[in-house]
Each structure stands twice: as structure tokens, then as C-alpha cells.
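Please open the model in your viewer and keep the selection tool at hand. The tour below moves from one selection to the next and says what is found at each stop.

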Amino acid sequence: MNHKTASNLALAAAFAGLLSGTTARLNAQPVSGHEAGVSGAAIAAGVAMTAQDDQKLPKHSCKGKNDCKGQGGGKNAGKNSCKGKGDCATDGSKPKN
Amino acid sequence: MTLLELQRRMEQDVRRPLTAELTMQPRTTEGESMDEIAAAYIRPNSELTSFERLEIYNRQYWFRVIGAVSEDYPALQALLGDERFDALVLAYLKQRPSTSWTLRDLSAHLPQFLEQHAEFASEQHRLAVDIARLEWAYVEAFDGAEIEPLASDELAKLGPESTLALQPHLRLLAVDYPVDEFVLAVKKPEEKAVTSGAAQLRQANVTTTLPAMAPEQRYLAVHRYDDVVYYRTLEESEFRLLKALQERKTIAEAVEIIAGEEQVATIQQTFALSSELGWFCHPTI
């Protein structure tokens with residue numbers, strides 16, 4: 001097989017793949033009113049990188065918000081949550097018990 | 001002091017690095033007393049001095065940015081341990097301080113920084129860099145843009161000289177270790193159900209067992225599908241083909257890179273998989 005034939009075969013394979021993959025994708029579109037199942041594309045997607053419970057959580061949900069939870073600030077340095085303990089109060093007030 | 005001057009003064013003081021004990025520096029690098037600086041614009045009260053009140057903001061700033069970086073690299077932290085990881089993050093933030101309105105971008109350059117600073121990971125340097133690259137690829141796949149994939153009528157117009165763009169959220173990585181297994185072990189710790197005999201209460205006992213890592217070349221595609229981040233391991237030829245397309249080579253050029261009688265099936269499979277997952281989109285974007 002000469003180089004040109006090999007290239008033509010490779011190109012034909014590429015376009016055949018494009019068409020078959022697109023057809024599979026379009027056929028996998030969810031149908032309104034039906035519970036989504038595990039489609040071929042979902043399987044082809046590979047391995048999910050997070051635990052099931054974490055997948056829908058917004059990443060960095062606390063970033064940019066004035067929540068000191070888990071940042072270990074205030075007068076208690078370290079990794080402990082200071083939220084709700086008054087340690088973040090910049091007037092030095094103590095938490096109410 | 002005008003409002004602008006006050007804002008700049010406080011920004012400078014809040015962003016000043018902490019001492020090794022995570023307290024506010026008593027003096028600026030120019031030798032000025034922080035007691036005096038704080039007293040100039042912060043009133044003390046019965047509980048706290050001006051210095052102490054400013055220190056709360058100074059420390060909170062650093063705890064927040066350190067936390068933001070740490071959140072992106074849990075597997076790297078697991079590999080290095082807290083002490084080495086904290087040293088790495090502090091050194092990184094010193095060289096790459098926050099310059100964006102969003103903390104999302106703060107840790108973007110950590111993999112490159114680590115690449116250039118082997119001292120933070122010593123003999124685990126290559127492994128650490130690969131883990132960092134995969135963890136950042138996760139961030140980019142998580143919130144990278146998604147463009148409408150090419151429709152079948154658009155595909156019909158393509159020819160050998162056409163170029164294709166790949167989805168912005170797709171990241172292609174060549175790594176020297178099977179770091180996908182390591183990252184997965186940290187991000188998806190094994191859950192063991194513990195059942196209490198009396199109350200039949202189910203508790204999740206999450207354990208993380210870190211896999212041993214030996215060098216092994218891997219090719220990974222990290223991407224988002226249906227709002228979930230996935231990775232796929234690729235063959236080297238699949239990786240090279242996709243990489244060429246991502247670099248905007250024409251279809252003919254990309255195929256030529258791996259073309260050969262034995263690669264026809266791989267080419268077809270790679271194009272089929274990529275279009276099924278909606279990875280191909282318009283190259284104009």
C-alpha cells in the first residue's frame with residue numbers, strides 16, 4: 001500500500017468516525033419526560049473524578065464570600081472552623097453562649 | 001487621608017505576608033512600626049489594640065488565599081504532607097499573589113511553579129508535578145466553556161483541509177505516572193458502611209488509601225460531560241491525533257501524523273468517540 005492510499009484510508013476512517021460518533025450523540029439526546037438512563041456517551045465519558053455526592057456541588061462555593069468557616073482565622077490559628085464562634089469579630093467581642 | 005488612600009493603605013497592610021507563626025509582622029520591610037501604622041487609621045477598643053484589629057484582617061486574608069489554593073490540590077497535599085504543601089503554597093503565593101477578582105484563578109500557575117521548584121517535592125518531584133497538572137486540569141474541565149458541538153449538517157461540509165476546534169473544557173495531558181489513580185483515591189475515597197446493631201444507623205466511614213506510584217507513561221483526556229468531570233485514558237496515537245487537532249492542524253495533517261495501515265481503526269475510533277462526546281466544535285471560537 002503506497003503512502004497516498006494509506007492517507008486516503010486514514011481520511012476515510014476519520015470521516016466515518018465523525019459521522020458515526022455524531023449519529024450516536026444525536027441518538028443519545030435525552031427525551032423529554034423520560035428518566036435519563038446511562039447512555040453510551042456517558043459510558044464513553046470515562047471515569048468520574050469526584051464522588052457521587054460531590055458532583056453537583058458548585059466548586060469554590062465559599063470563595064469570595066465573607067465566611068470564615070474552615071479558614072482557621074480569628075484568635076484561634078489553625079484549621080478549625082471559626083464560623084459562629086465570634087473569633088472573626090474584629091471588635092474583639094466574645095461569642096454569646 | 002482620603003478614602004482611596006485609606007483603601008490602598010489597608011490593602012497593603014492586609015496583604016503583607018505573615019510571620020512564620022502566622023501573626024502580623026511587627027514591622028514593614030521598610031522598618032516602619034505596624035503598631036503606629038495601625039493606630040493611624042484603626043481605633044482600638046476595650047478588647048483589642050489597633051494592631052490586633054488589623055491583624056485579624058491580615059491573617060484572614062492569608063488563611064483565605066491559602067485555603068483557596070489548597071482546595072484545588074487535595075491530592076498534591078496528600079502526597080507532600082501538610083508541612084511541605086504549606087511551604088509550597090506560601091512560596092507560590094509570594095511569587096504569584098492574587099491579582100484577579102476571582103480566587104478561581106489563584107492557583108492556576110502552581111503546576112508551573114512546582115515544575116521550577118523541585119525542592120518542595122525532592123525525589124517525588126515528577127510525580128508531584130503530574131498530580132498538580134491533573135488537578136488543575138480538573139478545575140479547568142469543571143468550569144471551562146462549553147460550545148455547541150458541530151451538528152451533522154456542519155460535519156457534512158468538512159473536508160481534509162478543514163480544521164476542528166476541541167471543547168475548551170477538554171484538557172489533554174501526557175503524564176509520567178498513573179496519577180489518575182492517585183487523584184481518584186483522594187477525590188473518591190472508599191466508603192465503608194458501618195452499621196450499628198441497635199439503631200441500624202448507617203455511617204459512612206471514609207478511608208483514603210493512597211496507591212503506590214511507579215513511573216508509567218499515561219495519556220489522559222479530562223473533560224466535562226453532563227456537568228460531571230471525567231477522565232479517559234487514551235492510547236498514545238489517540239492523544240497525538242487529538243493534540244494535533246487541538247493545535248488547529250487540518251484534519252489531513254492531523255491524520256497524517258499517525259497514519260499507517262495499523263492506525264486506521266484508531267483514527268476512526270478517536271473521531272467517533274470525540275464527536276459522540278461533543279468535543280468537536282467550530283474552530284472560529
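Begin by selecting Y219(B), which is buried, with a relative accessible area of 14% (buried means under 20% relative accessible area, exposed over 50% and partly exposed in between, with a 1.4 Å probe and protein chains only). This is a predicted model, in which local features need pLDDT of at least 70 and side-chain atom pairs count only at pLDDT 80 or more, while totals for chains, interfaces and linings use all residues. Residues are numbered from 1 along each chain as its sequence is written, chains are lettered from A and ligands numbered from 1 in the order in which they are written, and side-chain values use heavy atoms, with hydrogens and water left out.

The ring centres of Y219(B) and F239(B) are 4.9 Å apart and the planes stand at 45°, so the pair is tilted (rings of Phe, Tyr and Trp, the last by its six-membered ring, pair if their centres lie within 6.5 Å; planes under 30 degrees apart count as stacked, over 60 as edge-to-face and the rest as tilted). The pair links distant parts of the chain, 20 residues apart, with Y219(B) in strand β5 (residues 218-225) of chain B and F239(B) in helix α10 (residues 236-246) of chain B. Helices (H or I, at least four residues) and strands (E, at least two) are DSSP runs, numbered from the N terminus.

Next, follow β5(B) into its partner β6(B), with which it pairs in the antiparallel sense over seven bridges (two strands pair if DSSP finds at least two bridges between them). L220(B), for example, has T233(B) in β6(B) as its bridge partner. The two strands form a hairpin with two residues between them, and D226(B) in the turn has a positive phi of about 55°. Five of the seven residues of β6(B) are buried, so this strand is largely enclosed by the rest of the structure.

Which strand of chain B does β1(A) join? Two bridges connect β1(A) to strand β6 (residues 228-234) of chain B, and the two run antiparallel. Along this pairing V47(A) stands opposite Y231(B), and A48(A) stands opposite Y230(B). Seen as a whole, the open sheet has four strands in the order β1(A)-β6(B)-β5(B)-β2(B), with antiparallel pairing. At its edges stand β1 (47-48) of chain A and β2 (171-175) of chain B, each with a single partner strand, so one side of each is left without a neighbour in the sheet.

For the next stop, select Y92(B), F113(B) and F120(B), which ring pairs link into a cluster. A search of the whole structure finds seven aromatic pairs over all chains. One of them, Y92(B) with F113(B), is edge-to-face, at 5.6 Å centre to centre and 70° between the planes. Y92(B) lies in helix α5 (residues 82-95) of chain B and F113(B) in helix α6 (residues 110-116) of chain B, so the pair ties together parts that are 21 residues apart in sequence. Y92(B) counts as buried at 0% relative accessibility, and F113(B) does so at 4%.

Finish at helix α12(B), which is mostly covered, with ten of its 13 residues buried; among them are I267(B), F271(B) and L273(B). Just after this helix, G278(B) takes a positive phi of about 75°.
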